[in-house]
Amino acid sequence: MKSTAAPLLEHMDSSMEEDVRECANHWKDKEGNLIMILHEIQNRLGFVPREASLLLAEETGVPVARIYEVLTFYHYFKLVAPGKNNITLCNGTACYLKGIERILTELERRLGIKDGETTEDRLFHIETVRCLGCCGMAPAIVVNGKTIGKTVPTDVAGLIEGIRKQEVGHE
Ligand code: FES
């Protein structure tokens with residue numbers, strides 16, 4: 001039978017395709033395996049691309065709609081490739097009141113992306129979340145796992161530049 005996912009798989013490199021098939025195969029006889037397969041795919045690829053869902057549907061017989069339902073139900077799953085440097089902004093009440101929106105606007109303006117998006121070069125990803133649990137530091141952001149408190153819009157340029165310089169140093 002001809003693969004129904006074939007037209008979409010042209011953007012999927014063969015190692016990714018192999019990863020998806022291996023994950024599906026590894027969990028195929030286990031009960032409640034869909035979520036385990038999706039976890040393994042995300043662990044390997046860093047996210048669950050649309051092409052992977054289509055191929056998975058074909059491999060397992062689970063409808064794509066069901067796979068999509070699971071992926072969107074759990075906040076953990078990423079549907080787009082994450083950026084190399086992740087900037088998370090707290091949108092909880094304290095940070096909101098202290099002006100996190102202005103930090104977000106400045107980041108969006110300088111990086112040319114919106115909340116939840118990744119720059120084309122995959123260098124930066126920004127997203128907002130609910131309370132980070134450090135309200136005394138509002139407005140708070142997390143940059144690659146490091147929490148930075150009492151941020152102001154004028155911090156943004158230096159922050160981006162610092163990351164860019166680091167990246168150049170790693171090349
Ligand atoms: S509201 Fe931002 S850390 Fe709690």
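Reader: Of the contacts between residues at least 6 apart in sequence, how many join residues at least 24 apart?
Author: In this predicted model, 62% of those contacts link residues at least 24 apart in the chain.

Reader: OK, and what's the chain built from, in helices and strands?
Author: You've got 8 helices and 4 strands. Going along the sequence, the order is α-α-α-α-α-β-α-α-β-β-β-α.

Reader: What does the C-alpha trace span along its principal axes?
Author: About 60 × 35 × 25 Å.

Reader: Switching to the inside: what share of the residues is buried?
Author: Buried residues account for 22% of the 171 in the chain.

Reader: And which residues have the most contacts inside the largest nonpolar core?
Author: Leu89, Cys90 and Ile103 do, in a core of 15 residues.

Reader: Which elements each supply at least two residues of that core?
Author: β1 (85-90), α7 (100-111) and β2 (124-129) each do. The biggest contribution comes from α7, which gives 4 residues.

Reader: Back to Leu89 then. What does it touch, skipping residues up to four places away in sequence?
Author: Leu89 touches Ile100, Ile103, Leu104, Ile126, Thr128 and Ile141.

Reader: What other core lies apart from the largest one?
Author: There's another one of 13 residues, and Ile37, Ile41, Val48 and Leu55 are among them.

Note on methods. Residues are numbered from 1 along each chain as its sequence is written. This is a predicted model: local features need pLDDT of at least 70, side-chain atom pairs count only at pLDDT 80 or more; totals for chains, interfaces and linings use all residues. A residue is buried if 20 or more other C-beta atoms lie within 10 Å of its own, exposed if 12 or fewer, and partly exposed in between; C-beta atoms are placed from the backbone. Two residues are in contact if their C-beta atoms, placed from the backbone, lie within 7 Å. A nonpolar core is a set of buried Ala, Val, Leu, Ile, Met, Phe, Trp, Tyr and Cys residues joined through C-beta atoms within 7 Å.
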